[in-house]
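Subject: A structure for you to explore

Hi there,

Here is the structure I promised to pass on to you. Please open it next to this email and find each residue as you read.

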Amino acid sequence: MKTKVAIFVAIVVLVLAIGEVEVAKAAVTCNPLQLTPCAAAIMTAGSPSAVCCAKIKEQSPCLCQYMKNPNLQKFINSPGAKKVATSCGTPFPKC
């Protein structure tokens with residue numbers, strides 16, 4: 001399981017190396033690395049932490065962008081990610 005989390009973090013870091021994107025509408029800086037506190041909950045059956053839920057809510061305007069990124073979409077579109085969003089009370093976007 002640690003390997004999956006490490007791969008997830010590595011992919012997120014790779015995406016960050018490409019650059020961060022500003023979302024002017026919500027004045028949120030889209031940074032997938034901000035979702036790192038959610039990695040364990042997404043990859044396992046664990047419950048998301050309060051920090052994870054705060055980050056999901058903060059980054060929610062960016063989720064469609066993340067889902068379009070080929071490096072992130074398998075994590076963002078996963079059943080675990082949908083479970084985390086639901087557990088945190090954040091509607092999963094329909095992009």
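Below is what was found in it, starting with a few notes on how to read the values.

This is a predicted model, so local features need pLDDT of at least 70 and side-chain atom pairs count only at pLDDT 80 or more, while totals for chains, interfaces and linings use all residues. Residues are numbered from 1 along each chain as its sequence is written, and side-chain values use heavy atoms, with hydrogens and water left out.

Some terms will come up again and again. Helices (H or I, at least four residues) and strands (E, at least two) are DSSP runs, numbered from the N terminus. A residue is buried under 20% relative accessible area, exposed over 50%, and partly exposed in between (1.4 Å probe, protein chains only).

**The disulfides**

How many disulfides does a search of the whole structure find? The search finds four, where a disulfide means a pair of cysteine sulfur atoms within 2.5 Å. If you count the bonded cysteines along the chain, the pattern is 1-5, 2-3, 4-7, 6-8. Let me take you through some of these links.

Start with Cys38 and Cys52, which form a disulfide with their sulfur atoms 2.1 Å apart. This pair links distant parts of the chain: Cys38 sits in the loop between strand 2 (28-30) and helix 2 (39-43), and Cys52 in helix 3 (residues 50-59), 14 residues apart. The torsion about the S-S bond of Cys38 and Cys52 is about 115°, so this disulfide is right-handed. Is Cys38 buried or exposed? Cys38 is buried, with a relative accessible area of 0%, and Cys52 is buried with a value of 0%.

Next comes the disulfide that joins Cys53 to Cys88, with an S to S distance of 2.0 Å. Here, too, distant parts of the chain are linked, with Cys53 in helix 3 and Cys88 in the segment after helix 6. Helix 6 covers residues 79-87. Cys53 and Cys88 are 35 residues apart in sequence, but their C-alpha atoms are 5.1 Å apart in space. The torsion about the S-S bond of Cys53 and Cys88 is -75°, and the link is left-handed. Cys53 counts as buried at 14% relative accessibility, and Cys88 is buried at 6%.

Which residues does Cys88 touch, not counting residues up to four places away in sequence? They are Pro48, Cys53 and Lys57, where contact means heavy atoms within 4.5 Å.

Then look at Cys64 and Cys95, whose sulfur atoms are 1.8 Å apart in a disulfide. Cys64 lies in helix 4 (residues 63-68) and Cys95 in the segment after helix 6, so the pair ties together parts that are 31 residues apart in sequence. With -85° about the S-S bond, the link of Cys64 and Cys95 is left-handed. Cys64 is partly exposed, with a relative accessible area of 22%, whereas Cys95 counts as exposed at 56%.

Side chains of opposite charge can pair when their charged atoms come close. A salt bridge is a side-chain nitrogen of Lys or Arg within 4 Å of a carboxyl oxygen of Asp or Glu, and by this rule the count comes to one. The side chains involved are those of Glu58 and Lys55, at 3.8 Å from N to O. Both residues lie in helix 3, three residues apart, which is about one turn of the helix. Glu58 counts as partly exposed at 36% relative accessibility, and Lys55 counts as partly exposed at 21%.

Where does Asn69 lie? Asn69 is in the loop between helix 4 and helix 5 (73-76), and it is buried, with a relative accessible area of 17%. Its side chain reaches the backbone nitrogen of Asn71 at 2.7 Å. This is a polar contact, a pair of N or O atoms within 3.5 Å; within protein, one must be able to donate a hydrogen and the other to accept it, and residues adjacent in sequence count only if both atoms are side-chain atoms.

Finally, Thr90 lies in the segment after helix 6 and counts as buried at 7% relative accessibility. Leaving aside neighbours within four places in sequence, Thr90 is in contact with Ile56, Lys57, Ser60 and Ala85.

Enjoy exploring!

Best wishes
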